[in-house]
Amino acid sequence: MPLPTGTTSEPRLFFDARATLGESPVWDVDAHELVWTDITNGLLHRTSADGTRDTTVVVDPPLPSFQRRRGGGLIAALDDTVIVMRDDGTEQRTIATVDHADERLRLNEGKCDPFGAFVVGATDPEGSPVAGLYRVAPDGTLTQLRDDFATTNGFEWNDDGSEIYLTDTGDDTIYRASWDAEGTLGELVPFSSQGAHDGLARDERGEFWGAIYGEGKVVHLDADGGLVDEITFPVPNLTGIGFGGDDLRTLFVLSAREGLSDEQLEEFPLSGGIFALELDRAARPPFLFGFK
């Protein structure tokens, strides 16, 4: 049986992490490590390129997302604050505080745009469209962009930063909108609706790879949002997704054990693991937070 379009291997287990809620995979091009978070437990992981070594740093949970900073260190989203810290989790400093519409909300997906800002959104565990979308400028200025998401997820940008792709898992849709260096967000236009979209990654050809939560599959989308192919995984709850490896041709796909019954965990014992899939194309290195 031929491999799905764009892939050169079947999915393989990279690291049996048994994460409660694995998310935010970021490839550290300097350390040659996959950095990621177990949100619920506030664990910042660094996993070696071969998946044989994993170290953790405890950060005040929840730790939904983070990105690398220009010059070293990380910017991270917590419950309602955005902090900067060293790579080892020390010297934490709050640079922005979000005023959520309700105390049940928390921050969720966060990614850096091509201009050095950190874009982060919130999630409502009850699924109501009241969660905000925010931009943290390189100088720490916080701007609220919207307040009508259920669960923000899956950010990406085109090559020149004039378009943003952003996901609302609550309505199963990836949207596209105009964007600029000041974080001016245009009208949201539906781009793709293939299921409960979670993480999103864009490759060097301008095509997309998206994790579908609850369905155990990654969808490969063309530059216009059309479905190219699907890749199935041995766990149902796929979450974060991102490129890595020294040639940036490995697609890392994270997963979660959270919300699964004992019977489901017995049926899907690799839940919470990290999977790797080799592709026939690469991606750009992750954007960094801070002024260029």
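This text walks through a predicted model, from its core to a sheet and then to its charged pairs. Local features need pLDDT of at least 70 and side-chain atom pairs 80 or more, while totals for chains, interfaces and linings use all residues. Residues are numbered from 1 along each chain as its sequence is written, and side-chain values use heavy atoms, with hydrogens and water left out.

Start inside. In soluble globular proteins, nonpolar side chains tend to be buried together. A nonpolar core is a set of buried Ala, Val, Leu, Ile, Met, Phe, Trp, Tyr and Cys residues joined through side-chain atoms within 4.5 Å. Buried means under 20% relative accessible area, exposed over 50%, and partly exposed in between (1.4 Å probe, protein chains only). The largest core here has 28 residues. Val 82 is among those with the most contacts inside it. Another core, of 16 residues, lies apart from it and includes Leu 238.

Next, look at an open sheet of four strands, in the order S18-S19-S20-S21. Strands are DSSP runs (E, at least two residues), numbered from the N terminus. Two strands pair if DSSP finds at least two bridges between them. Here the pairing is antiparallel. S18 and S21 are the edge strands, so each pairs on one side only.

Now the charges. A salt bridge puts a side-chain nitrogen of Lys or Arg within 4 Å of a carboxyl oxygen of Asp or Glu. The count is 21. Arg 68 and Asp 28 form one, with closest N and O atoms 3.3 Å apart. Arg 68 lies in strand S6 and Asp 28 in strand S2, so the pair ties together parts 40 residues apart in sequence. Both Arg 68 and Asp 28 are buried.
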